[in-house]
Amino acid sequence: MEKTSDPPPVGHRERRSWLRGAPPPRWVRVLPVLLIVGVAVATSISESPLDIGFLLGAIPPLAVLSYGPLATALLGGVAIVLLNLPHLQLNRPGNTDLLTITFVAVLSVFVSFVRSHRDAQLDIERTTAEAAQRALLPPMPEAVGPVRCWGLYRAAERGTLVGGDFYDVREGPYGVRAVLGDVQGHGLAAVATVASLLGAFREAVLDQPDLESVAGRLDRRLSVDSANAEYAELFATAVLLEFSRDARSVRIITCGHPPPVLLRAGTAADIGIEPRSPLGLGVAVGTPPNACPVSLEPGDTLVLTSDGVLEARDRGGDFYPLTERLTALDVTDPATLPDRVWTDLARNGWTIRDDVTMLVLAPRTPPRTDPAERASAHGSR
């Protein structure tokens, strides 16, 4: 499998800590048992009575963090039994500790019951949301036609898989087309716009004969959505690509979005394309932008990123130098490139405030054997 860095599978809990809803770690689960054993051993080996009965009061609340009502009741019962063992002498000077711990145990069972039912409902809702988001942004295939693909998506809003960024690669009757975009805003509020744009793109791949028409279809989709929403001013930036059937060239349109970076022979360089107006601001009504043709050589890699990468800042406030970093990382396998860039951002303390999205495309271009053809292709660049 060559694909990497797709959104985590439904039900995945890796991104959440146990303080934010993930199952507690093992050491939290064993705390009540360790406390019971510790109190019992300490009082058993001590030659004089130890006034540590109050520690047993912490067992039921600790059990609530990890266990259901029955296990919480059992651990609370064990604490009450220990408090009543005569040779441990923990219930001194009277029944105060016993009554307190009994009350805490009963209250903890009730809290555990409420928490268990709430967690079950939240799990159902989260699983449903993740399934819907997964349907919206499915895993990136290993290859689409003659183009190998790898994607990375990290939503800015914690606990979500999809935010304001989107990407897709589709093959249709007019070749392989790809899109990467960023809609206004991020998080769950932008998901509806992302769904609308992706649906329009997937239809346009099948229907529209050229890339300019695809851009016009996406612009019209946003314009219609904005007109039907009160006070809405929807717009999105996007970069669209269309590969030739032999993958020796690509046509590119940038609608308010930074152009792709071309990685060739270990050196990264920006593709000099002037961005046009963002989607939703009249591309469909006015003159559609003309696509810029770019010739490709065997081994070339195209790197598309969102603002979350390009606008990441270091401690000095400088932006992340993507082109320089791609060259410095010296990535020989494009399959590892998204993870290498993400690791570079995370390890070096870059501040990320937006969704981070990368789309890496490596066309499987056949070698050029005709010297005249090669010279012509070189001159077109």
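This is a predicted model: local features need pLDDT of at least 70, side-chain atom pairs count only at pLDDT 80 or more; totals for chains, interfaces and linings use all residues.
Helix H5 spans residues 191-207 and helix H6 residues 211-227; the two pack at an angle of about 145 degrees, and their axes are 9 Å apart. The crossing of H5 and H6 is right-handed.

Glutamate 212 pairs with arginine 251, with 2.7 Å between the closest N and O atoms. This pair links distant parts of the chain, since glutamate 212 is in helix H6 and arginine 251 is in strand E6, 39 residues apart. Glutamate 212 counts as buried because its relative accessibility is 14%, under the 20% limit. Arginine 251, at 26%, counts as partly exposed. A further salt bridge connects the side chains of arginine 170 and aspartate 168 at 2.9 Å, N to O. In this pair, arginine 170 is partly exposed at 31% relative accessibility, whereas aspartate 168 is buried at 7%. In total, the structure holds eleven salt bridges.

Two alanines have positive phi values. Alanine 247 has a phi near 60 degrees and is placed in the loop between strand E5 (236-243) and strand E6 (249-255). Alanine 265 has a phi of about 55 degrees and is placed in the loop between strand E7 (261-264) and strand E8 (267-270). Alanine 247 is buried, with 0% relative accessibility, while alanine 265 is exposed, with a relative accessible area of 77%.

The loop between E5 and E6 also contains aspartate 246, which is partly exposed at 36% relative accessibility. Beyond its neighbours within four places in sequence, aspartate 246 contacts Arg364, Thr365 and Pro366. The C-alpha atoms of aspartate 246 and proline 363 are separated by 8.9 Å, although these residues are 117 residues apart along the chain.

Threonine 72 lies in helix H3 (residues 69-84) and is buried, its relative accessible area being 0%. With residues up to four places away in sequence not counted, threonine 72 touches Pro60, Ala63, Val64, Tyr67, Ser108, Val109 and Ser112.

Phenylalanine 103 is part of helix H4 (residues 96-136) and is exposed, with a relative accessible area of 58%.

Over the whole protein chain, there are ten helices and eleven strands. Of its 381 residues, 44% count as buried. The accessible surface of the chain comes to about 18800 Å², and carbon and sulfur atoms contribute 58% of this area. Among contacts with a separation of 6 or more, 70% are between residues 24 or more positions apart.

Note on methods:
Residues are numbered from 1 along each chain as its sequence is written. Side-chain values use heavy atoms; hydrogens and water are left out. Helices (H or I, at least four residues) and strands (E, at least two) are DSSP runs, numbered from the N terminus. Buried means under 20% relative accessible area, exposed over 50%, partly exposed in between (1.4 Å probe, protein chains only). Contact means heavy atoms within 4.5 Å. Accessible areas come from the Shrake-Rupley method with a 1.4 Å probe; for residues, only the protein chains shown count as cover. Axes are lines fitted to C-alpha atoms, for helices over the stretch in contact, and angles run from 0 to 180 degrees between N-to-C directions. A crossing is left-handed if the near helix is turned anticlockwise from the far one by less than a right angle, and right-handed if clockwise. A salt bridge is a side-chain nitrogen of Lys or Arg within 4 Å of a carboxyl oxygen of Asp or Glu.
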